[in-house]
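Me: Let's go through this structure together, starting with the terms we will need.

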Amino acid sequence: MKLLLAATLVASANAGKYYCAKIEPDSASGAKGYFSMSYSSGINAKFELDLDLSNFEGEASTCTIENGLTYHIHTTWADSSVSSSANAQCGPDYTSGHYDPSLACSSASEDINDRCASLGRTGDNYPCDADDFESGNFAVCEQGDLSGKFGSLTGGDRFFTASENDPWAPIPANYKATDDRANMWSSVVFHCKDDGSRLACADLVEQDEPCDSGNKKLRGGK
């Protein structure tokens with residue numbers, strides 16, 4: 001009975017939480033977009049995103065943006081002077097690695113050099129697969145590996161959009177957690193699929209109201 005009550009209380013506490021990020025062109029090398037995540041219960045969440053890279057100026061010669069993007073929830077946001085950024089300012093010193101409390105352990109896991117290593121997991125055989133995840137085998141993927149769970153983003157016109165229901169979303173209680181025993185999550189990062197380079201990123205802000213729908217109107221300069 002106590003376990004059931006605890007689960008009910010957690011589900012109730014998470015419902016109605018919103019996590020919002022806005023990518024501003026002035027601080028993100030011309031990238032413009034939004035990412036929103038809302039919880040219905042427990043760790044069931046819906047996320048939506050639009051990302052316009054038509055004016056992005058930061059891709060490397062080894063990256064063709066039209067070939068697609070990967071994207072993840074990362075553990076930190078270190079630069080309090082901005083709410084979005086690009087390239088080196090999205091690097092490990094600013095956003096760290098992937099949020100991975102269940103230790104699925106890709107090579108980019110925040111825990112790859114300590115807790116993953118203690119389990120003999122090096123990232124070389126990271127098992128995450130979107131089809132496997134869809135079949136209900138959630139634990140094969142890092143909770144922060146959105147493209148691993150749902151596939152990479154495609155957008156031949158450099159405009160990317162997605163809307164997914166995630167049954168294995170980041171744990172709300174871990175949001176920017178300061179407890180050393182908890183894995184925290186704080187930001188969303190978009191990478192070039194070709195070379196893995198970090199293109200754009202943004203701080204996630206918790207709020208009780210839905211994310212600003214005006215952020216979604218990106219095409220045609222709206």
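Reply: Happy to: two strands pair if DSSP finds at least two bridges between them, where helices (H or I, at least four residues) and strands (E, at least two) are DSSP runs numbered from the N terminus. This is a predicted model, in which local features need pLDDT of at least 70, side-chain atom pairs count only at pLDDT 80 or more, and totals for chains, interfaces and linings use all residues.

Me: How many helices and strands does the protein have?

Reply: Following the sequence, the pattern reads α-β-β-β-β-β-α-α-α-α-β-β-β-β. The totals are therefore 5 helices and 9 strands.

Me: How many bridges join β4 to β7?

Reply: These strands belong to an open sheet of 4 strands in the order β4-β7-β8-β5, with antiparallel pairing. The edges are β4 and β5 (84-86), each pairing on one side only. Within the antiparallel β4 and β7 pair, Ile 73 stands opposite Val 188 in β7, and the number of bridges is 6.

Me: Which strands stand at the edges of the open sheet of 5 strands?

Reply: The order in this antiparallel sheet is β6-β3-β2-β1-β9. Two strands have a single partner each, so one side of each is left without a neighbour in the sheet; these are β6 and β9 (205-207).

Me: What is the bridge partner of Cys 20 in β2?

Reply: On one side, β1 and β9 pair in the antiparallel sense over 3 bridges, with Tyr 18 opposite Gln 207 in β9. With β2, β1 again runs antiparallel, this time over 6 bridges, and Tyr 19 stands opposite Met 37. For Cys 20, the partner in β2 is Ser 36.

Me: Which residues touch the most other members of the largest nonpolar core?

Reply: A nonpolar core is a set of buried Ala, Val, Leu, Ile, Met, Phe, Trp, Tyr and Cys residues joined through side-chain atoms within 4.5 Å. Buried means under 20% relative accessible area, exposed over 50%, and partly exposed in between (1.4 Å probe, protein chains only). Out of 41 core residues, the ones touching the most other members are Phe 35, Leu 53, Leu 69, Tyr 71, Trp 185 and Phe 190.

Me: Which element gives the largest share of this core?

Reply: Several elements supply at least two residues each, including β1 (18-23), β2 (32-41), α5 (146-150) and β8 (198-203). The largest share is 4 residues, and it comes from β3.

Me: What is Leu 53 in contact with, leaving aside its neighbours within four places in sequence?

Reply: Contact means heavy atoms within 4.5 Å. By that test, the partners of Leu 53 are Ala 31, Ile 65, Leu 69, Arg 158, Phe 160 and Leu 199.

Me: Is Ser 96 buried or exposed?

Reply: Ser 96 is found in the loop between α2 (92-95) and α3 (115-118). Not counting residues up to four places away in sequence, Ser 96 touches His 74, Thr 75, Thr 76, Gly 91, Glu 110 and Arg 198. With a relative accessible area of 16%, Ser 96 is buried.

Me: Is the pair of Tyr 71 and Phe 190 stacked or edge-to-face?

Reply: Rings of Phe, Tyr and Trp (its six-membered ring) pair if their centres lie within 6.5 Å; planes under 30 degrees apart count as stacked, over 60 as edge-to-face and the rest as tilted. A search of the whole structure finds 12 such pairs. The rings of Tyr 71 and Phe 190 have their centres 6.1 Å apart and their planes at 10 degrees, so the pair is stacked.

Me: How many residues apart in sequence are the parts that Tyr 71 and Phe 190 tie together?

Reply: Both residues are buried. Tyr 71 lies in strand β4 and Phe 190 in strand β7, so the parts tied together have a sequence separation of 119 residues.

How values were computed:
Residues are numbered from 1 along each chain as its sequence is written. Side-chain values use heavy atoms; hydrogens and water are left out.
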